[in-house]
Amino acid sequence: MSVIQQLIKEFSRLPGVGSKTAQRFGYYLLKRPREEAFSLAAAICEVAEKIGPCEVCGNFTETAQCEICSNPNRDEGTICIVEEAFEVGAIERAGGYRGLYHVLGGRLSPLDGIGPDEISVRPLLERIRSADGAVKEVVVATNSSVEGEATAVYLEGVIRPLGPKVTRLARGLPVGSELEYVDGSTIVEALAGRREM
Amino acid sequence: MLKLRLFRNLGDQELSFPPEGVAIIGANAQGKSNLLEAIYYLETFRSFRGARVEQLIAFGEDVFRVAGQVVSGNDVGGSPTEVAAAYEGSSRRRKVTIDGAEPERIGDAIGRLGAVIFSPADMGIVNGGPVRRRRFMDVALSLNEEGYLVALQAFRHALAQRNAALRSGQLEAVVRAWDEPLARSAATVMGARRRWVSEWRDAFRGYYEEVSGGDSATMTYVPKVAVDDLPDDGIYGACRNALDVRWAVDLRRKSTSAGPHRDELLLALVDGESAVEAREFGSGGQCRTVALALRLIEGDSIRRARQSAPVLLLDDAFAELDDARRERVLGLMGQDRFGQVIITAPKESDLPLQGDGLPRWGINNGQICA
Ligand SMILES: [Zn+2]
């Protein structure tokens, strides 16, 4: 396989990119000044080298603990559970939420062989237990999809016995790309209207 | 206006249908049903004959496309809507556009045409398994009731997940996490089915009596989860309760045993005090008449929801009816219940009376000659 074909194959792995778009990306880069390609490659390498999951919450971070977990002004009594790390960004941009997060890294989906052990449930329960009563409320902000709802029901069942109040967004978080089109005020409203499960 | 590209044997063609409709005459296997299948594809984006989408692509090709200009009856003079659908076999990609724009979900685009198809395969709704009758309700409701298709898809999805959890031996808490989304969507589906049947059962009986010339038939919704006189907002609770009660059974069978996926639409022939299931005891003519009555109420419910008369597609639909019944059905179809009529027949003499006033087109090896 030629190096160009190799590059096109890599592009075609990206979500929403078919083989035609991947080709267009590849030939575009070849046409542009090579500095552009180098700077794109450097940015990708830097992300791959420096960004990893926060050891506490699973959010993206360049350090062991993310900016949110290491911020003393955040309310440690509230944990908001999201499916994916990019959703932390969406809620943060909406503003108004002062608590911490926990990233599951997925949702329950038996059809895909994903049960509680395949997502970050144990670390979450451990985190609540070791806080020794300091966690007063857990906000379940999984998606409004069927999987998101079932995951919320499951989490409520395992978290409540540990003590915290368990609440759910007024409506679940919009799914995937839909989230990009949701304006911040919708997320703020969903948070404000959260109800005990 | 209908544009066809590589749909089955229909090749590349552009057809302008007369406003009143057309009668298409051609020997069997020339493509008459394929043409109706292509037109109806724009209504549901599925084959009315139950064919898989890749079977609709012309032999040896990769992509088919169908596009139609739809003029709704209540905005004559308004600009028509273009509904287009394509499928690419190699990428398994389906594309649907309404006036060039892709809807968020394909389900948002169904029902734009407003059409009812009568075909010999309709017999299967009456004498086939319960799944055929559920599908009949699902299509009628998806086309006419806002939110039904979304709820139905959510239900199927939750059901598949719950069954997968049961099969893979997950903990009870993991399996039963699906009860909530399952029961929530099930309640919407069941409530809509119950409402639809109770709204249309008198019309169904009326049509059956009129076509049969005396006998009677009834249609009854028989949900697996009993909801008898419960209000709509009680159905969710009944479903949750059924899941509780049947938990041990589900666990043993590794499958969810209660829910709208087990509903039945009971079609019964009534003779005085006694009633028998059409599926088991109906003659060919009786079953055919039941199927026709179902299609007629489907047409009525489309007309009511859209406030315009649906396109009537008749695919050799009167095969097993005696002349008297045939004439009475055609009488019913003539009473402004439908708009444009597209009817197929092998020979001029097979054309039912209603074809009389319509222009004739021929079809030969997929090529239509106006
Ligand atoms: Zn963190």
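From the N terminus on, the elements of chain A run α-α-α-β-β-β-α-β-α-β-α-β-α-β. Chain A thus listed has seven helices and seven strands, where helices (H or I, at least four residues) and strands (E, at least two) are DSSP runs, numbered from the N terminus. The C-alpha atoms of chain A fill a box of roughly 60 × 35 × 35 Å, taken along the principal axes.

This is a predicted model, in which local features need pLDDT of at least 70 and side-chain atom pairs count only at pLDDT 80 or more, while totals for chains, interfaces and linings use all residues. Residues are numbered from 1 along each chain as its sequence is written, and chains are lettered from A and ligands numbered from 1 in the order in which they are written.

**Domains**

In chain B, 15 residues of domain 1 are in contact with 18 residues of domain 2; two residues are in contact if their C-beta atoms, placed from the backbone, lie within 7 Å. Helix H11 (residues 323-334) of chain B gives the most to the domain 1 side, with five residues. By class, that side divides into seven nonpolar, three polar and five charged residues. Here Ala, Val, Leu, Ile, Met, Phe, Trp, Tyr, Cys and Pro count as nonpolar, Asp, Glu, Lys and Arg as charged, and the others, Gly among them, as polar.

**A helix pair in chain A**

The axes of helix H1 (residues 3-12) and helix H2 (residues 19-31) of chain A come within 8 Å and cross at roughly 125°. Axes are lines fitted to C-alpha atoms, for helices over the stretch in contact, and angles run from 0 to 180 degrees between N-to-C directions. H1(A) and H2(A) are therefore oblique to each other; angles under 35 degrees count as roughly parallel, over 145 as roughly antiparallel, 65 to 115 as roughly perpendicular and the rest as oblique. On the H1(A) side, the contact is made by Ile4(A), Leu7(A), Ile8(A), Phe11(A) and Ser12(A). H2(A) contributes Ser19(A), Ala22(A), Gln23(A), Phe25(A) and Gly26(A). This contact has six nonpolar, four polar and no charged residues.

**The sheet of chain A**

Five strands of chain A form an open sheet with mixed pairing, in the order E4-E3-E5-E6-E7; two strands pair if DSSP finds at least two bridges between them. Strands E4 (99-103) and E7 (195-196) of chain A stand at the edges, each with a single partner strand, so one side of each has no neighbour in the sheet. Strand E5 (residues 137-140) and strand E6 (residues 165-168) of chain A pair in the parallel sense over four bridges. Within this pair, Val166(A) of E6(A) is the bridge partner of Val138(A). Helix H6 (residues 146-159) of chain A packs on the sheet, touching strands E3 (75-82), E5 and E6 of chain A. The direction of H6(A) makes about 165° with that of E5(A).

**Between the chains**

Across the two chains, 15 residues of chain B are in contact with twelve residues of chain A. Helices H4 (148-167), H5 (172-176) and H6 (179-212) of chain B each give two or more residues to the chain B side. The largest share, seven residues, comes from H4(B). By class, this side has ten nonpolar, four polar and one charged residues.
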